[in-house]
Amino acid sequence: MARLLIIDDEETIRKLLQGAFERKGHEVALAEDGARACEVVEKFKPDVIISDIRMPKLDGFQTIERMRSNGGAMVPFIFITGHGDKAMAVEALRKGAFDYLEKPFEMDEIHFVVERAIEKGRLTGEKGRLSEELREANRKLEERLEARTELVRRIQHPKESSPVVADNFNIDVLGN
């Protein structure tokens with residue numbers, strides 16, 4: 001299953017969500033504020049972060065900004081708040097949140113949102129892995145193409161060429 005980090009200054013919310021997600025088989029870490037979450041995230045490496053917005057020390061918006069600046073762009077953030085309005089929802093999404101829920105929320109609703117976030121994170125990771133594999137394959141093809149182009153050039157212009165190296169064998173183009 002997935003690794004979830006729950007950030008909320010209300011212990012009852014943290015414990016409620018922890019129990020609900022652990023029963024679903026997820027591994028859960030808790031933080032009481034954004035400052036603590038920034039410490040936890042380095043070691044825990046969550047797949048999804050669920051964060052309150054209004055908290056002491058670092059609020060949710062400051063937390064997402066700090067984590068994003070430290071390379072956490074791939075981790076979906078879900079904001080939850082009991083003090084929400086449309087402007088706050090827009091701000092959360094502008095800051096890069098995956099979703100935004102107002103307290104009190106239905107457990108089915110947050111489970112659904114978290115499952116979508118987990119899937120998005122999985123697909124983003126898969127996309128990154130496939131992109132890297134494609135870059136590596138293209139690099140190898142480019143190297144082979146350059147080597148073959150050089151071999152053809154040397155065959156077509158033997159007087160201008162020094163011995164040709166192909167597949168780690170020294171080939172004298174002139175047959176000497």
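## Strand β4 and its partners

In strand β4, I78 is the bridge partner of I50; strands here, like helices, are DSSP runs numbered from the N terminus, with at least two residues (E) for a strand and at least four (H or I) for a helix. The pairing behind this bridge is parallel and joins strand β3 (residues 48–52) to β4 over four bridges, where two strands count as paired if DSSP finds at least two bridges between them. Strand β4 (residues 77–81) is also joined to β5 by four bridges, and these two strands run parallel. Between β4 and β5 the chain passes through helix α4 (residues 86–94), giving a right-handed β-α-β crossover, a term that applies if, with the strands pointing away from the viewer, the path from the first strand over the helix to the second runs clockwise.

## Basis of the model

The model is predicted, so that local features need pLDDT of at least 70 and side-chain atom pairs count only at pLDDT 80 or more, while totals for chains, interfaces and linings use all residues. Residues are numbered from 1 along each chain as its sequence is written, and side-chain values use heavy atoms, with hydrogens and water left out.

## Burial of β4

Five of the five residues of β4 are buried, so the strand is largely enclosed by the rest of the structure; buried means under 20% relative accessible area, exposed over 50% and partly exposed in between, with a 1.4 Å probe and protein chains only. In a regular strand the side chains alternate between the two faces of the sheet. In β4, F77, F79 and T81 point one way and I78 and I80 the other way, and all of them are buried.

## The position of D99

D99 lies in strand β5 (residues 99–102), and it counts as buried because its relative accessibility is 17%. Leaving aside residues up to four places away in sequence, D99 touches F77, I78, F79, L93, V113 and R116, a contact being heavy atoms within 4.5 Å.

## The chain as a whole

The protein chain has five helices and seven strands, which follow the pattern β-α-β-α-β-α-β-α-β-α-β-β along the sequence. Of its 176 residues, 38% are buried, and among contacts with a separation of 6 or more, 55% involve residues 24 or more positions apart. The accessible surface comes to about 11100 Å², with 53% belonging to carbon and sulfur atoms; such areas come from the Shrake-Rupley method with a 1.4 Å probe, and for residues only the protein chains shown count as cover.
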